[in-house]
Amino acid sequence: SVTNNNQSELWFKDGDQALIKSVATGHPDDGGLTYIKVCNYRDGNTFKTVLNSIYNVEKDDFELPEGLTIDGVPENVRPSEQFAFWAYVDEVFHNERRVESWEPVQGKSGKEMFKEVVNDFKVIKLGFGRGDIVFGQLEEIYEDEGSLDKSPIRIKRMGAGLDTSYHITSLARELEIPADKQAEIANLPSITQYCIDTWGVKAGTEAEQSADNLFD
């Protein structure tokens, strides 16, 4: 199985604000956004994420891709429905300076924040939220603009644990993916393949995927 080193995924902590440009259009036929069910659980000191199933548009249902298994997941762990898509992440603003290279900046409210320049493609994977409130915000952008890849999008996480919420809005400003990064889009694995490679467990192997701050 593939160990998830989290390098290709954007992980949000409380107060983080990410400025992104979606690679996915949101159109049903572009395959750039997918729905998955994953089992998130703690095994000793390790958090694990195991793919339970992926939504199949043609069948209008979730299914576990052939050759994969969910063995090893404790019986009491219920799968969580999430959505995932590729995005170009320009920068992320943090409440705390956890890395020396993050630059101190003044937020609009006058509060000091710390800017991390990312300039890379990351997978955004989020839960639908209670009453689908998180995904609904993304749907609203799609309905307003006809596509997810037109305007830059800001994703902000607030709270932790069961009190976590996300605020997703499109921004009336320009954000172009740099030409050298634009050329990399063709080489990104499909989002479905990424999910299979990262959280899917092949039959006969143990689950090794870990998510270090899943429950923060």
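User: Which strand holds Val201?
Analyst: This is a predicted model: local features need pLDDT of at least 70, side-chain atom pairs count only at pLDDT 80 or more, and totals for chains, interfaces and linings use all residues. Residues are numbered from 1 along each chain as its sequence is written, and side-chain values use heavy atoms, with hydrogens and water left out. Strands are DSSP runs of E, at least two residues, and helices are runs of H or I, at least four, numbered from the N terminus. Residues 201–202 form the strand that holds Val201, namely β11.

User: Is Val201 buried or exposed?
Analyst: Buried means under 20% relative accessible area, exposed over 50%, partly exposed in between (1.4 Å probe, protein chains only). Val201 has 1% relative accessibility, so Val201 is buried.

User: How many Å separate the C-alpha atoms of Val201 and Thr49?
Analyst: Along the chain, Val201 and Thr49 are 152 residues apart. Their C-alpha atoms are separated by 10.0 Å.

User: Which residues does Ile177 contact, leaving aside neighbours within four places in sequence?
Analyst: Ile177 sits in the loop between β10 (165–170) and α2 (179–182). Its relative accessible area is 13%, so Ile177 is buried. Contact means heavy atoms within 4.5 Å. With those neighbours left aside, the partners of Ile177 are Lys21, Tyr88, Phe121, Gln182 and Ile185.
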